[in-house]
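Here is a short briefing on a protein model. Keep the sequence and the 3D view open as you read.

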Amino acid sequence: MNKSQNSSQRPGGTQISRRRFLQVGAAGLAAAAFHVTGLPLTPAQAAAVAARRQAGNLRVAWGGAPATLDPLYASADTEIAFLNAVYDYLIDTNATYELVPRLASSWNMSDDGLTYTLQIAEGVKFHDGSDLTIDDILWTFERLRSDPESATAGLYANIDSIEAGDGSSVVFHLAQPNPDFLYTLSDNHAVILKSGAENIGTDFNGTGPFKLDEYVPDRATLSANADYWAGTPGAETLEFLYFDSVESAANALQGGTVDVVLRMDNATFLNLQNGSYNAQSVPTSGHDLVRLRADREPGSDERVRQAFKLATDRQAIFDRIQFGFGSVGRDSPVAPVFEAYYTEETPLPERDPEAAKALLADAGYPDGLDMTLYVPNLADRVALAQALAAQWAEAGINITIEPQEEAVYYADNGWLEVDLAITPWGARPTPQLFLDLYLRCDAAWNEAHFCDDELEQLIETAGSTSDLDARKQAYADIQRLLIERGPIIIPYFFASFGVMADTVSGVEVLPFPGRTNFNQTTV
Amino acid sequence: MINETAPDARSARWRGSALRSARSTGRFLREILRSPQSALGLLIVLFFLLMAVFGPVIAPYSTNDQSSAPRLSPGTDGHLFGTDYLGRDVFSRVVLGASSIFRTAGLGTLIAVILGTFTGLFIGYRGGVVDEIAGRLIDALLALPALLIALVILGVVRNLEFERGSWQAVLVDNSVLLVIALVYVPIVARVVRSSTLEIKSREFVEAAQIRGESSFYIIFREIFPSVVPALVVEASLRFSYAIFLVASLGFLGVAARPPSPDWGLMVNENRGGLFQLTPWALEYPAGAIALLVVGVNLMSDGIRRAVQRSG
């Protein structure tokens, strides 16, 4: 591939000017090598790409590899995707966080909200040929609650007891009512294992749509489970390929050596979207949380918090950093994707740096503020920090950006101590989870150290009432309160991305890419 | 008698040598300019030096000005080098980034050369045990890659917190410059030491010793001028390595904090998926680094040739 071809075929350049040529030459061969990925294919290359695709063999690429495959500790997309293929969850969630039956074909809640009964599907078999029994489910949840250090121990602390019900049903008794209880059953860790299973994480005897054939460091090869209780999967084999980076995975898709790439950055998606691929972008509830400590100066002053909000242009940030993917935030974790609870009833004040400046002067900072903004050293967060710094500067808030490696940022709970920081929060299926995690007075991750009696009461109500209207009202009030005096700014919610070759059908990309199901997929 | 005439003789010698050095500098420059490549190198370095000095006057936008439309391609709407994903003018950022390269790489090299010269002259002249011990120390330091030392030091220093305005904070703010100096002191010292070892056995040094001159006088009046040619070559070479080191540290994210227009940082920020969207935002700073390094190398080639010719 010579340089002149590169410069003439790149977006924006039609003629090879001398300056253009010199420019590419100066950028060096390394840069030129990258360009190749952006080029349209010649007919010969396209034919070669098509030849590399095989019917019935689905190849899914990831920009990373699993670290653990024990359901108790797995968390990354690559890990959950593997578990999701080999095992089954009781309940799934769809692209708009609605509950979808899986092993549990139906469910009902007692009137007091303390007992949930789930009907389990009939004729479910493990890969070793044995039948799924209620004992397996009891054993699985016993295991999930056994390690007090694990994430699930806290998640299921509210379960008083679990027992086998009539026929093939399982009954959960709760200590406190929790209207989101079924969502906790759809948690990423909660795949159903065989009772008494050993070597979990290296031997995989699941009920899932695919059986593991071979696992080597850079790939997992699985084949369809012909006896799958919900019908034989559409693809004969499923391969997970683990690349070093998302760019390599995207290159592999363009070269035809993989069929699907899930989970990528905004820019990579934008590039792939322009090709002849089936590109899906799904809004999620994950977000970057910009927060100001509210228990000491300067954040303890409501006017200061208001000034930061007034100085921020959320739409501009959304357009530049998210490239318009995902959704614009309104400073509360009740994301637009939570359709039942999201509201725009309380107006978000227009951006007004002058008013922000006046508020700061009112609060005793006539010369503005000098603050350090701590941020994990990840591309999008550093970009957000730079955008905020430019916008806030107009209101007299001078920011020194301090990018820290993730290990340093989270070390010794440093991120909870600092005054001003940006923390990325992964997508969760209910708004309540975010509120409980970082906005309650005694929440372990209450980064902003915000404790507001009214908010506390509202979160309590939203998290315990089963009355949908009362819940809606509580969430609406929470959104209003956070816009008025909250210590947080949420400029946007992330999108989840999946790009696949046009030969692939039957993939619905989910907010958590690792939970994407492939049993209906055909190649 | 020696004491009475010495001051006069010395001042005459000072004046004479000043004239001589002015004349030899002129000859030296002409020697460099004689080869077109070295002239080009010198021109490139001067070009960037002017950019560093007059950057704030030349650049139409400030470092973190995001008022323009993002992702404009080069040439459109008065953005000579286009804009990056945040809507910042790439031309302004490249121009403004020049000063930090010269400040860190240039000043760092200068400090390294000064300290390294003192150290090299001293241990070379003293010899014996001092030379043995210092020589081994220098060898030990040279065994470690410069980038590794710099990364370790900067990694530790950057996470220390000091009050704004305190002297520790000033040191931390200039840590890249100091690290460059620190990393290159042993290298310069070794070059100067080996020249010193060779020169101190010459007759004119022995003559000065017999005259009863002080060690200070001998080192700086007799030995130092003879070390200068080797030193100049070494310094220009160090400068080009320092630019590379600063750019690498910037790329790795330890040299400058965003939104600094550090060239290395700009390359890092615009690689990956962004590269296909805004190739110009990476190509121009990368090109600037390449051009400056090539320029400095051509110039130092010329310097080496001129040194050899003018003997």
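Predicted model: local features only at pLDDT ≥ 70, side-chain atom pairs only at ≥ 80, totals over all residues.

T115(A) has H173(A) as its bridge partner in β7(A). Q119(A) stands opposite S169(A), also in β7(A).

- β5(A) belongs to an open sheet of 4 strands. The order across the sheet is β4-β5-β7-β6 in chain A, and the pairing is antiparallel.
- Which strands sit at the edges? They are β4 (104-109) and β6 (159-164) of chain A, and each pairs on one side only.
- Neighbouring strands in this sheet are turned by 20° against each other on average, direction ignored.
- Helix α5 (residues 134-144) of chain A packs on the sheet. The helix touches β5, β6 and β7 of chain A. Its direction makes about 160° with that of β6(A).

- Which residues of β5(A) lie on the covered face, and which on the uncovered one? Y116(A), L118(A) and I120(A) are on the covered face. T115(A), T117(A) and Q119(A) are on the uncovered face.
- T115(A), on the uncovered face, is the residue that bridges to H173(A) in β7(A). Q119(A) is on the uncovered face too, and S169(A) is opposite Q119(A) in β7(A).
- β5(A) also pairs with β4(A), in the antiparallel sense, over 5 bridges. Here M109(A) has Y116(A) of β5(A) as its bridge partner.
- β4(A) and β5(A) form a hairpin, with 5 residues between them. In the turn, G113(A) has a positive phi of about 75°.

**The helix on the sheet**

- Which residues of α5(A) are buried? They are D136(A), I137(A), T140(A) and L144(A).
- Seen down the axis of α5(A), these buried residues fall within an arc of 100°, so they line one face of the helix.
- An α-helix has 3.6 residues a turn, so residues three or four places apart point the same way.
- What covers the buried residues of α5(A)? The cover includes α6 (151-155) and β7 of chain A.

**A covered strand elsewhere in chain A**

- Strand β16 (residues 420-425) of chain A is mostly covered, with 5 of its 6 residues buried.
- β16(A) pairs with strand β12 (residues 278-292) of chain A in the antiparallel sense, over 6 bridges. One of the pairs is V290(A) with I422(A) of β16(A).
- β16(A) also pairs with strand β14 (residues 369-376) of chain A, in the parallel sense, over 2 bridges. Y374(A) has A421(A) of β16(A) as its bridge partner.

**Chain A as a whole**

- Chain A has 18 helices and 18 strands.
- Of the 523 residues in chain A, 45% are buried.
- Take the contacts in chain A between residues at least 6 apart in sequence: 68% of them join residues at least 24 apart.

**Where chains A and B touch**

- The contact takes 31 residues from chain A and 25 residues from chain B.
- On the side of chain B that touches chain A, the elements that give two or more residues are α11 (273-277) and α12 (279-309) of chain B.
- α12(B) provides the largest share of that side, 7 residues.
- The residues on that side of chain B divide into 13 nonpolar, 10 polar and 2 charged.

**Backbone details to look for**

- E297(A) and P298(A) are joined by a cis peptide bond, with omega about 0°. P298(A) is in the loop between β12 and α10 (302-310) of chain A.
- P258(B) and P259(B) are also joined by a cis peptide bond, with omega about 5°. P259(B) is in the loop between α9 (215-251) and α10 (263-269) of chain B.
- Y97(A) has a phi near 60°, a positive value in a residue other than glycine. Find Y97(A) in the loop between β2 (91-93) and β3 (99-101) of chain A. Why does Y97(A) count as buried? Because Y97(A) has 22 C-beta neighbours inside 10 Å.
- R71(B) has a phi near 60°, positive in a residue other than glycine. R71(B) is in the loop between α2 (36-58) and α3 (90-126) of chain B. R71(B) is buried, with 21 other C-beta atoms within 10 Å.

Definitions and conventions:
Residues numbered from 1 in each chain as written. Chains lettered and ligands numbered in written order. Pairing = 2+ DSSP bridges. Axes fitted to C-alpha atoms, helices over the stretch in contact; angles between N-to-C directions. Contact = placed C-beta atoms within 7 Å. Buried ≥ 20, exposed ≤ 12 C-beta atoms within 10 Å, placed from the backbone. Arc of directions from axis to C-beta. Nonpolar A, V, L, I, M, F, W, Y, C, P; charged D, E, K, R; others polar.
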